[in-house]
Amino acid sequence: MDQFEGDAISSKFLQTCDIPQAPYRTDPFTMVIFGGGGDLSKRKLVPALLHLSGEDELPEGSAIIGFGRLDLSDEGYREMMKEAITDFDEEPFEEQRWNKFSPRLFFLSGHFENDEDYEKLREKLLQVSFASADGRINVIYYMAVPPQATPAIVEKLRQHDLCKGRLNARIIVEKPFGRDFPSAVALNKSLTDAFDEDQIYRIDHYLGKETVQNILFLRFSNSIFERLWDSRYIDHVQITVAEQIGVEHRGSFYEQTGVVRDIVQNHIMQLIALVAMEPPIGFDADFVRDEKTKIFRAIMPMRDDEIDKYSVLGQYGAGRIRDEDVPAYRDEKGVVPDSDTATFFAGKFYIANWRWAGVPFYVRTGKRLAKRITEICIQFKQPPLKLFGRTCDVLEPNVLVLTIQPEEKISLRFGVKYPHAANQIYPVNMVFGYQDTFEMRVHPAYERLLVDCMKGDLTLFVRQEDIEATWEVVDPVIRRWESARPSGFPNYSAGSWGPPDAQRLIGQEGRCWLTE
Ligand code: BG6
């Protein structure tokens with residue numbers, strides 16, 4: 001297939017050197033990571049903070065306190081994190097960068113339920129933090145703990161007066177935000193009892209991905225796409241979030257969660273909203289979030305008969321991935337041998353609004369699939385009249401593909417004349433690759449979101465009403481499947497594209513999954 005590689009085009013209006021390099025100033029802050037010795041801290045948070053420090057994006061005087069049960073000194077914590085970075089960071093370890101960063105790391109050994117430890121936390125905060133002229137200290141609490149621990153910690157922070165007053169505090173909460181609508185409401189109540197809404201940063205790391213943000217730029221900075229962006233021209237939308245990894249070391253967490261809570265309620269719903277939302281009246285946090293909220297409210301929850309017809313769950317059996325044998329989900333550590341937890345979901349949603357009425361949004365996600373890829377495909381309708389004779393009764397549709405990972409690219413498929421042949425149409429792709437055009441390091445999602453939190457920018461964080469609305473969409477699916485107790489699991493082999501029913505779901509409507 002022909003490819004027109006996307007080279008950077010020199011602009012009459014803007015030179016690359018004119019593009020502002022995100023000049024921002026924030027005051028120094030201290031980040032307290034609850035679960036500071038845990039997996040998220042080791043794999044994502046501390047590496048992200050290290051890179052920000054390397055790029056001079058951590059304000060001078062900022063500090064990081066890991067809070068956790070481990071019996072560690074500050075020095076012991078630094079050693080542990082150094083090892084973690086060597087093991088998990090995708091970029092090579094650099095001694096110089098580490099030496100600049102590591103003195104900012106501290107550790108407080110404590111128990112979440114223990115009142116005394118919150119008093120020790122206050123002392124440590126006063127000891128390591130930079131205070132402004134009026135004595136105020138900026139603090140960011142990061143909840144890198146199992147979800148059930150969050151309310152107890154928040155309550156202790158409130159009781160110990162660590163949320164307001166002299167401490168100018170923000171709190172970052174990780175998904176899952178509850179496990180259904182009622183628990184999400186309860187979690188939120190515990191947060192809002194202690195913090196004001198504008199102090200609460202709910203993270204969905206998909207929103208920090210550069211190409212996810214690019215969905216809005218593609219749509220709203222180009223007139224050529226937006227004019228076609230509705231049910232008159234779009235046949236359907238597909239979203240695939242495919243992973244090759246299994247549940248790794250998180251078996252017991254995943255047993256309580258499953259794929260719908262883990263990926264559909266949050267990442268997939270966010271992607272749907274960005275594809276479907278109306279243009280905001282400005283780029284301020286609330287303008288953008290208001291438009292997304294309307295989509296979450298308009299996604300139609302499925303009735304039981306629709307769930308049976310238009311959703312597919314699956315669980316992986318043993319198989320081969322990248323030439324290696326991998327175990328079945330039921331043989332993973334922390335998973336019960338007759339587990340009914342789903343690791344795959346495919347389904348069809350509709351958005352009940354003027355723009356999208358009648359346009360199916362097919363979504364599919366799973367672990368241990370053939371490939372790691374996150375992609376949105378927008379398939380356009382056929383032209384109104386097929387002019388090119390019998391050979392072309394079925395035309396290849398125009399498809400706009402937004403690939404979010406592992407490569408970041410946008411491609412547009414259209415038909416051209418095949419040379420010399422009579423009336424023969426040949427599909428080609430026009431491709432824009434992020435990395436080819438912008439030869440710079442792209443901030444991984446966590447770096448971007450941490451910077452936004454430091455700046456106090458809530459645009460890429462999730463609002464409570466959106467969390468509630470998305471639970472209302474997925475709760476019926478979870479309830480239906482939990483009450484029916486799926487039989488026949490495992491129903492797909494690791495390394496495949498999921499259960500055959502997922503192909504049928506879309507195939508019965510004369511369509512097929514485009515991501516492969
Ligand atoms: C997390 C899920 O939110 O997203 C994980 O809990 C999943 O199960 C991960 O592996 C996928 O994120 P990414 O950025 O690798 O697509």
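A polar contact here is a pair of N or O atoms within 3.5 Å; within protein, one must be able to donate a hydrogen and the other to accept it, and residues adjacent in sequence count only if both atoms are side-chain atoms. This is a predicted model, in which local features need pLDDT of at least 70, side-chain atom pairs count only at pLDDT 80 or more, and totals for chains, interfaces and linings use all residues. Residues are numbered from 1 along each chain as its sequence is written, and side-chain values use heavy atoms, with hydrogens and water left out.

**The ligand site**

Let's start with the ligand. Its surroundings (residues with a heavy atom within 4 Å of it) are made up of Lys-175, His-205, Tyr-206, Lys-209, Glu-243, Ile-245, Arg-250, Asp-262, His-267, Lys-367, Arg-372 and Gln-405. How many residues of this shell are nonpolar, polar and charged? Seven are charged, three polar and two nonpolar. In that count, Ala, Val, Leu, Ile, Met, Phe, Trp, Tyr, Cys and Pro go down as nonpolar, Asp, Glu, Lys and Arg as charged, and the others, Gly among them, as polar.

| Side chain | Distance to a ligand oxygen atom |
|---|---|
| His-205 | 2.8 Å |
| Arg-250 | 2.5 Å |
| Gln-405 | 2.6 Å |

Taken alone, the ligand exposes 390 Å², and the protein buries 82% of that. Areas like these come from the Shrake-Rupley method with a 1.4 Å probe; for residues, only the protein chains shown count as cover.

**Cis prolines and positive phi**

Gln-405 turns up again in the backbone: the peptide bond from Gln-405 to Pro-406 is cis, with omega near 5°. Pro-406 sits in the loop between β16 (399-405) and β17 (409-417). Helices (H or I, at least four residues) and strands (E, at least two) are DSSP runs, numbered from the N terminus. Another cis bond runs from Phe-489 to Pro-490, with omega near -5°, and Pro-490 is in the loop between α14 (464-484) and β19 (492-493).

Most residues other than glycine have a negative phi, and most peptide bonds are trans. Arg-322, not a glycine, has a positive phi of about 45°, and Asp-323 has a positive phi near 65°. Arg-322 lies in the loop between β11 (319-321) and β12 (324-326), and the loop between β11 and β12 is also where Asp-323 is found. Are they buried or exposed? Arg-322 is exposed at 67% relative accessible area, and Asp-323 is exposed at 67% too. The cut-offs are under 20% relative accessible area for buried, over 50% for exposed, and partly exposed in between (1.4 Å probe, protein chains only).

**Helix α5**

In helix α5 (residues 150-159), the buried residues are Thr-150, Ile-153, Val-154, Lys-156 and Leu-157. Why do they fall on the same side of α5? Because they cover an arc of only 160° around the axis, taken from the directions from the helix axis to the C-beta atoms. The buried residues of α5 pack (heavy atoms within 4.5 Å) against β2 (30-34), α4 (115-128), β5 (137-143), β6 (167-174) and α6 (181-194). Just after α5, Asp-161 takes a positive phi of about 60°.

**Thr-470**

Over in helix α14 is Thr-470, which is buried at 3% relative accessibility. Leaving aside neighbours within four places in sequence, Thr-470 is in contact with Gln-265, Met-269 and Phe-296.
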